[in-house]
Amino acid sequence: STTTSLIVGMVGGGALTLSGAIPMIMGANIGTTITNMIVSIGHINRSSEFRRAFAAATIHDFFNVIAVIILFPLEMIFGILEKSALGLGNLFFGKVTTNQEFHSPIKQAIEYGADHLKTLSSDNNVLLIVISVLLTFTMLFSIVKVLRSLVLHKVEIFFDQYFFRSAITAFSFGVILTILVQSSSITTSTIIPLAGAGVLTLRQIYPFTLGANIGTTVTALLASLTLNVTAMVAAFSHLFFNIFGILLIYLNPFLRDIPMKLSKWIADVAMQNKALPIIYLLIIFFGIPLLIIFLGS
């Protein structure tokens, strides 16, 4: 979410073109899944738990990698994401031009609140810092209180009975939860322990991760609202990438089960060799990207 927001900001500032930003957004979609991997390795000393957790972590990897394998060459040849994003931008704002001004409601709301805080504190910077610290601790206290209440009420049973009872509800829950926490890494990582414990199956988790992919695009969209129309078009391309990935893979009966089969296979192999997760992590998230950068330069 942070990476794509930075990319959107660079496009909005003219430091990066839209065609240059789209491959970076694809890479960010793959890179975000490393958090799941790290969480799943925490189960490595418990074999059955580790197999389920590792499979749940890697299904997100495989889906995003397959989406890039399909969409990257299509984008390079036909520019489908760029054209779709520009089309949506033209629909909303007319002809999109560089640095086209956008009157952001979010920026106006923030300025409104900031002005009132300055008035309240009589422009005293120390008092402003005290207020910000109090707000931060209030939010942290609220988060801890909510999480504690969820644990006390056995949230895993509630998830299984309500949020993951169908693919549609799991997908929708993934979208909403990711929008609320503003990070698909956090969203998908929270369910890895539940998968390891056997509370959730791989088939239940699969649509949830796809919902997280859609939900994480909201961060870049919110960031673009404070910039300009060009930045919003870049954010649209992130949204279209994830939508097209779902249409081409999950809704395609020939490709739908491939990420699940690959994640189950690599989890079984990892059971035989506990060093494999570390090797996999180093190769997929560092080795291959660095090799491509080296060859490209």
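How much accessible surface does the chain have, and what share of this surface belongs to carbon and sulfur atoms? In this predicted model, the accessible surface of the chain comes to about 15,900 Å², and 71% of that area belongs to carbon and sulfur atoms. The fold is built from 16 helices, with zero strands. Of the 297 residues in the chain, 41% are buried. When contacts between residues at least 6 apart in sequence are considered, 77% of them join residues at least 24 apart.

A search of the whole structure finds 10 aromatic pairs. In one of them, the ring centres of Phe54 and Tyr280 are 6.2 Å apart and the planes stand at 70°, so the pair is classed as edge-to-face. Phe54 belongs to helix α4 (residues 47-78) and Tyr280 to helix α16, so this pair ties together parts of the chain that are 226 residues apart in sequence. Phe54 counts as buried because its relative accessibility is 0%, and Tyr280, with a relative accessible area of 9%, is likewise buried. An edge-to-face arrangement is also found for the aromatic pair of Phe63 and Tyr206, with 6.2 Å from centre to centre and 70° between the planes. Here Phe63 lies in helix α4 and Tyr206 in helix α12, so the pair ties together parts that are 143 residues apart in sequence. Both Phe63 and Tyr206 are buried. Phe54 and Tyr280 also take part in one aromatic cluster, together with Phe50 and Phe62.

Helix α16 (residues 276-296) also contains Ile278. This residue contributes to a nonpolar patch on the surface, formed by Ile278, Leu282, Phe286, Leu290 and Ile293. Together, the five residues have about 500 Å² of accessible area. Ile278 counts as partly exposed, with a relative accessibility of 42%.

The burial pattern of helix α13 (residues 217-224) was examined next. Thr217, Thr219, Ala220 and Ser224 are buried in this helix. Viewed down the axis of α13, the buried residues fall within an arc of 155°, so they line one face of the helix. An α-helix has 3.6 residues a turn, so residues three or four places apart point the same way. The partners against which the buried residues of α13 pack are α1 (2-12), α12 and α14. Thr4 is located in helix α1 and is buried, with a relative accessibility of 3%. Beyond its neighbours within four places in sequence, Thr4 is in contact with Ala220, as well as with Ile25, Ala28 and His238. Ala220 is itself among the buried residues of α13.

Two salt bridges were identified in the model. In one, Arg203 and Asp257 meet through their side chains at an N to O distance of 3.8 Å. Arg203 is situated in helix α12 (residues 202-215), whereas Asp257 occupies the loop between α14 (229-250) and α15 (258-272), so the pair ties together parts that are 54 residues apart in sequence. Arg203 is exposed, with a relative accessible area of 52%, while Asp257 counts as partly exposed at 26% relative accessibility. In the other, Glu49 is joined to Arg46, and the closest N and O atoms are 3.0 Å apart. Glu49 is partly exposed, with a relative accessible area of 22%, and Arg46 falls in the partly exposed class at 41% relative accessibility.

Leaving aside neighbours within four places in sequence, the contacts of Ile131 are with Leu117 and Leu120. The C-alpha atoms of Ile131 and Ser121 are separated by 8.9 Å, and the two residues are 10 residues apart along the chain.

Conventions: Residues are numbered from 1 along each chain as its sequence is written. This is a predicted model: local features need pLDDT of at least 70, side-chain atom pairs count only at pLDDT 80 or more; totals for chains, interfaces and linings use all residues. Side-chain values use heavy atoms; hydrogens and water are left out. A salt bridge is a side-chain nitrogen of Lys or Arg within 4 Å of a carboxyl oxygen of Asp or Glu. Buried means under 20% relative accessible area, exposed over 50%, partly exposed in between (1.4 Å probe, protein chains only). Helices (H or I, at least four residues) and strands (E, at least two) are DSSP runs, numbered from the N terminus. The arc is that of the directions from the helix axis to the C-beta atoms. Contact means heavy atoms within 4.5 Å. Patches are made of residues with over 30% relative accessible area and no salt bridge: like charges are joined within 9 Å, nonpolar side chains (Val, Leu, Ile, Met, Phe, Trp, Tyr) within 5 Å. Accessible areas come from the Shrake-Rupley method with a 1.4 Å probe; for residues, only the protein chains shown count as cover. Rings of Phe, Tyr and Trp (its six-membered ring) pair if their centres lie within 6.5 Å; planes under 30 degrees apart count as stacked, over 60 as edge-to-face and the rest as tilted.
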